[in-house]
Amino acid sequence: MQQSEYDRARARVQALRGFSMHAITYVLVNLMLVVINLITSPDDLWFYWVTFGWGIALAIHAYAVFGSSRPFGPEWEERKIQEELDRNQGR
């Protein structure tokens, strides 16, 4: 049981790290794209398309990591496992 808790904690930390790296990469790359766009073609702004599209992906990633209302997430799974164990012990 203790190993299972460790595995869940490790998975959570890896998810947080993955999101942090995604967010940092998003900011740095988009800053670079803004600079490139403004230097090469300031009359034709295209960087916001990349920023918007990637921003949607980043928002989905954030929801997957921080969203607490996932219908079939780990909390739901643990609750259902406990319900099954309780029901089987009652037999």
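At 40% relative accessibility, Y48 counts as partly exposed, a label used for residues between buried (under 20% relative accessible area) and exposed (over 50%), computed with a 1.4 Å probe on protein chains only. The structure is a predicted model, in which local features need pLDDT of at least 70 and side-chain atom pairs count only at pLDDT 80 or more, while totals for chains, interfaces and linings use all residues. Residues are numbered from 1 along each chain as its sequence is written, and side-chain values use heavy atoms, with hydrogens and water left out. Helices in this briefing are DSSP runs (H or I, at least four residues), numbered from the N terminus.

**Aromatic rings**

- A pair of aromatic rings is described by the distance of the centres and the angle of the planes.
- Rings of Phe, Tyr and Trp (its six-membered ring) pair if their centres lie within 6.5 Å, and the pair is called stacked when the planes are under 30 degrees apart, edge-to-face when they are over 60, and tilted for the rest.
- By this rule the model has 4 aromatic pairs, and one of them joins Y26 and W54, whose ring centres are 5.5 Å apart and whose planes stand at 90 degrees, so the pair is edge-to-face.
- This pair links distant parts of the chain, since Y26 belongs to helix α1 and W54 to helix α2, 28 residues apart.
- Y26 is buried, with a relative accessible area of 16%, whereas W54 is partly exposed at 23%.
- Another pair, Y48 and W49, is tilted, with 5.2 Å from centre to centre and 35 degrees between the planes, and W49 is exposed, with a relative accessible area of 59%.
- F47, Y48 and W49 together form one aromatic cluster.

- Helix α2 covers residues 47–66, which makes 20 residues, and it reaches 27 Å from its first C-alpha to its last, close to the 28 Å expected at 1.5 Å a residue, where the expected span is 1.5 Å times one less than the number of residues.
- Within α2, the residues F47, L58 and V65 are buried.
- These three cover an arc of only 25 degrees around the axis, which puts them on the same side of α2; the arc is that of the directions from the helix axis to the C-beta atoms.
- The face of α2 that is turned away from its buried side carries the exposed residues W49, F52 and I60.

**Salt bridges**

- Side chains of opposite charge can pair when their charged atoms come close.
- A salt bridge is counted when a side-chain nitrogen of Lys or Arg lies within 4 Å of a carboxyl oxygen of Asp or Glu, and by this rule the count comes to 3.
- K80 is partly exposed at 36%, and E83 is partly exposed at 41%.
- R87 forms a salt bridge with E84, the closest N and O atoms being 2.7 Å apart, and these two residues are likewise 3 residues apart in helix α3, separated by about one helical turn.
- R87 is partly exposed at 48%, as is E84 at 38%.

**Two residues of helix α1**

- Where is N37 found, and is N37 buried or exposed? N37 is found in helix α1 and counts as buried, at 0% relative accessibility.
- A polar atom of the side chain of N37 lies 3.0 Å from the backbone oxygen of D44.
- Leaving aside its neighbours within four places in sequence, N37 is in contact (heavy atoms within 4.5 Å) with P42, D44, L45, W46 and F47.
- L31 is also found in helix α1, but L31 is exposed, with a relative accessible area of 52%.
- From C-alpha to C-alpha, L31 and R79 are 43 Å apart in space, and they are 48 residues apart in sequence.

Definitions and conventions: A polar contact is a pair of N or O atoms within 3.5 Å; within protein, one must be able to donate a hydrogen and the other to accept it, and residues adjacent in sequence count only if both atoms are side-chain atoms.
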